[in-house]
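Look over the sequence and the structure before reading on.

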Amino acid sequence: MLAVRLYTMQKLPSLLARTLTSGTNGLPLLPDMAEVRSRLRDVVGASTNWRDHVQAMQERKALHTLLAKRQEDLPPRRMKDSYLEVLLPLGSQPEIREKYLNVHNSVRFGRILEDLDSLGVLICYTHTKQEMQPRSPLSIVTALVDKINLCKKVIYPDCDIKFTGNVSWVGKTSMEVKMHMLQLHNGEYSPVLDATFVMVARDPENKRPAFVNPLVPETPEEEEIFKQGELNKLKRVDFSTASLLKMAPTAEERNVIHDIFLNTLDTRTVSFRSRILPPNSVWMEDAKLKGLQICHPQERNIFNRIFGGFLMRKAFELGWATACSYGCSRPFIVSVDDIMFQRPVEVGSLLLFSGQVCYTEKNYIQVRVHSEVYDADTREHHTTNIFHFTFVSENEVPRVVPKTYGGKYPNNVLS
């Protein structure tokens, strides 16, 4: 069954309410996303010119001596130490609106994914900041988008948006970040989505893991948030060990496979090769869209690889188009799950995207997008990311039916 996630946005404790900067009039002056990206460049010493990127990365090698040998050598942090608020002034600054506007006169969700990714990284750098070090020796990158749940179908393009977030759990070299997005209506901010990202810290050359500051919960509420982060980690481990490449299908899964096979079997021939499509259904192999992206320097991140938020935006747009063409009506994003960053994408890569409808129920459509880089010299393909999006369509959609064994496991790499 397709799980439709509902959530309640809880207000953060007032003790966390601080901002990056303050105005001279005593009122909080929230930074915008341009300042977020500027601060990220400053904290790692990234060059704004592509021609200087090699020299900038060479200079980062000297920061190796600033890395901690043990996590115990780093001062512990509190959740409020990493808490940030950032403004996206779509209402008060109309000049930035067009970048975020889609043809339906609402906000492009792919742009929101980019902003969440940038903010998540800055929150982690805020958590690991050392007072006497203007530049961080850490290379902090997105490892996983655990989940993003939305409680609004439409994000308005002419109302200010506020992002908030903080580090919610810390391992030895990884950090979980919880972020919330709210939009201004009638003078009050109301919840739009919440998101959970997992970031990993690596050395200045982005080659080996690096230790990060431990996190110390201060209140019973923070204890619960921290425990949930630990549970999330255990669930991810269990999910990876249950992969079809490592374990055989369970008894329940075998029964599902057999039922699908029987429902599509041509009883006149009783042949494995002779299959009949049930009424109001579509073969899974006919529910695909593909795309190609040339990765230009414009889309690079602070470490001169392709920005993870850009990859999420392009994957989402293909996923949306896949759901739109399948349902023959406008789809609305409901949730994002299990975006795995398996390997970085280099500038200049040929990036191939494949969108696949993998499950439907009533007017819900689940789309899996697979991305891979193609090496023109070796003619090899390497998976870089796997994305999962759940949409709700305006109309009820046909049932998608797998035809092969791999199709019955769309969430595995065999599909």
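## A buried histidine

A residue counts as buried when its relative accessible area is under 20%. His388 has a relative accessibility of 9%, so His388 is buried. This is a predicted model.

Where does His388 sit? Its place is in strand β13, which covers residues 380-393. The side chain of His388 has a polar atom 3.2 Å from the backbone oxygen of Asp338.

## The chain as a whole

The protein chain has 415 residues, and 48% of them are buried. It holds 7 helices and 14 strands.

Contacts also reach along the sequence. Take the contacts in the protein chain with a separation of 6 or more: 76% of them join residues 24 or more positions apart.

## The nonpolar core

In soluble globular proteins, nonpolar side chains tend to be buried together. Here the largest nonpolar core has 79 residues. Phe109, Ile112, Tyr125, Ile148 and Phe163 have the most contacts inside this core. Helix α4, residues 109-128, gives the most to the core, with 10 residues.

What does Phe109 touch, leaving aside residues up to four places away in sequence? Its partners are Ile148, Leu150, Ile155, Leu193, Phe316, Ile333 and Val336.

## Two packed helices

Two packed helices are described by the angle between their axes and the distance between the axes. Helix α1 spans residues 33-44 and packs with α4. The angle is about 45 degrees, and the axes are 10 Å apart. That angle makes α1 oblique to α4.

The crossing of α1 past α4 is left-handed. On the α1 side, the contact is made by Met33, Val36, Arg37, Arg39, Leu40, Val43 and Val44. On the α4 side, the contact residues are Glu114, Asp115, Ser118, Leu119, Val121, Leu122 and Tyr125. Tyr125 is also among the residues with the most contacts inside the largest nonpolar core.

## Two loop residues with positive phi

Most residues other than glycine have a negative phi. Asn105 is not a glycine, yet its phi is positive, about 60 degrees. Asn105 lies in the loop between α3 (97-100) and α4. Is Asn105 buried or exposed? With a relative accessible area of 52%, Asn105 is exposed.

Lys362 is not a glycine either, and its phi is positive at about 55 degrees. Lys362 is found in the loop between β11 (350-361) and β12 (364-375). Its relative accessible area is 60%, so Lys362 is exposed.

Definitions and conventions: Residues are numbered from 1 along each chain as its sequence is written. This is a predicted model: local features need pLDDT of at least 70, side-chain atom pairs count only at pLDDT 80 or more; totals for chains, interfaces and linings use all residues. Side-chain values use heavy atoms; hydrogens and water are left out. A nonpolar core is a set of buried Ala, Val, Leu, Ile, Met, Phe, Trp, Tyr and Cys residues joined through side-chain atoms within 4.5 Å. Buried means under 20% relative accessible area, exposed over 50%, partly exposed in between (1.4 Å probe, protein chains only). Helices (H or I, at least four residues) and strands (E, at least two) are DSSP runs, numbered from the N terminus. Contact means heavy atoms within 4.5 Å. A polar contact is a pair of N or O atoms within 3.5 Å; within protein, one must be able to donate a hydrogen and the other to accept it, and residues adjacent in sequence count only if both atoms are side-chain atoms. Axes are lines fitted to C-alpha atoms, for helices over the stretch in contact, and angles run from 0 to 180 degrees between N-to-C directions. Angles under 35 degrees count as roughly parallel, over 145 as roughly antiparallel, 65 to 115 as roughly perpendicular and the rest as oblique. A crossing is left-handed if the near helix is turned anticlockwise from the far one by less than a right angle, and right-handed if clockwise.
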